[in-house]
Amino acid sequence: TYETNSERVDAVVFSPHNPVVAFGDHFGIVREWDWKLDRVSRVIDSGQGRILSLAYSSATNTLATAARDGSVCIWDFTGQELVSDLSSGVFSRSVAFSADSGRLISANFGGGISVFDMQKRTMETLSRTVLKPIGGLALLGPFAFMTLAHDLGTVYGWDSAGQVEPSTFVASNEQIVQMLVTPDGTLLLTGDNAEPSLVRLWDAVSGRQLAILGEDQFHINCMACTRSGDIAASASSDNIRLWDLRRRKLLRTLDTNRALALAFACDGRTLASAGDEHQVRFWDTDTGQPSRLVLSHVFRVKSLAFCPDEPLLATGDEAGFVRLWCLPSGEELMVLGQLRDEVDCLAFSPDGCWLAAGTDASARGRQMRVWNAPK
């Protein structure tokens, strides 16, 4: 017996090549179940809505899906799997949802900003430049800010309505490699690639530098901030540092191996970190002590995201797998899907109804996928 965890399944078909059964549900999700090994072998988010029919080709390793909206897609499993991308696949490692969850904004690797309307499923590219974003992206009112690889570390402000070209917001003497904006839109935190690397705090309205919080021997790999905007974390090759943004000082240092991803839980007291150890660890930010809970992975985890209103954690690894975990039990609920390359960014929408995952530079093509997660 296979439990699909779907409210409705209209399409079921056996593969003529393998001991696999495919199920298509009302959300447009197709799952292939290996009935001999009793495990899900592939997950496809068709982006079509309710699947009405499925058909395998007897001659080639392809699957056809037909949906209620009248669309038909062909999925090729022999070579490169065809997936439901929201664009032509030019995404960077930086994505962010608008506060109302109605828009998803991404910094393109080739420059510029792409804006997706989550209801209309449409995309608009605001502008293109010869500069390539390498750092973070965050929303601040009607603007999207991102860092760019340039001679100087610069943060550009973009009008998300696409009316004006980007304007220089913050300029540093060093190349900025990481950044974040506090949820209330008042503070900007940046980390550069100098030796030592400086963690700077800026006024996110005026662009004025407020303080240099501290320095690290190695450059900053990733950053995260609590929902309240009071505490931020930065990770380098040898530790994680917690910063009090209001008092502008270092709170404590967490000794750990190189962290590649950080995320704060909604309560602000729990910090998740992942890196070279193929594990996700959890920290009590009040005491600085690690939790006994450890989530083990086969591959290195490159991105993390806590669901804002459910005890769930999403992880993305270097093999492209996006997994969903239940907390605090640590139970792996499901593999949502596999992208073409390592998952460099994950983001839940503020209302918890969407999860976005994206890849960065790859010979296989850049990609972003979005899952709908209704209650």
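Which residue in E25 is the bridge partner of Phe 264?

## Strand E25 and its neighbours

In this predicted model, the bridge partner of Phe 264 in E25 is Leu 271, and Leu 271 also stands opposite Trp 283 in E26. Strand E24, residues 259–264, runs antiparallel to E25 and is joined to it by five bridges; five bridges likewise join E25 to strand E26, residues 279–284, again in an antiparallel arrangement.

Both pairings are hairpins. Between E24 and E25 there are five residues, and Gly 268 in that turn has a positive phi of about 75°, whereas E25 and E26 are separated by three residues, with His 278 in the turn having a positive phi of about 60°. Because five of the six residues of E25 (residues 270–275) are buried, this strand is largely enclosed by the rest of the structure.

## Leu 304

Leu 304 belongs to strand E28, which covers residues 301–306, and is buried, with a relative accessible area of 8%. Leaving aside residues up to four places away in sequence, Leu 304 touches a set of residues that includes Ala 272, Ser 273, Ala 274, Val 280 and Leu 346.

## Arg 323

Arg 323 lies in strand E30, residues 321–326, and its relative accessibility of 14% counts as buried because the cut-off is under 20%. The side chain of Arg 323 makes a polar contact, at 2.9 Å, with the side chain of Glu 332; among the other residues that Arg 323 touches, beyond four places away in sequence, are His 297, Asp 317, Met 334 and Val 335.

Leu 304 and Arg 323 are 19 residues apart along the chain, and their C-alpha atoms are separated by 9.9 Å.

How values were computed. Residues numbered from 1 in each chain as written. Predicted model: local features only at pLDDT ≥ 70, side-chain atom pairs only at ≥ 80, totals over all residues. Heavy atoms only, no water. Helix = DSSP H or I, 4+ residues; strand = E, 2+ residues; numbered from the N terminus. Buried < 20%, exposed > 50% of the residue type's maximum accessible area, 1.4 Å probe, protein only. Contact = heavy atoms within 4.5 Å. Polar contact = N/O pair within 3.5 Å; in protein donor to acceptor, adjacent residues only side chain to side chain. Pairing = 2+ DSSP bridges.
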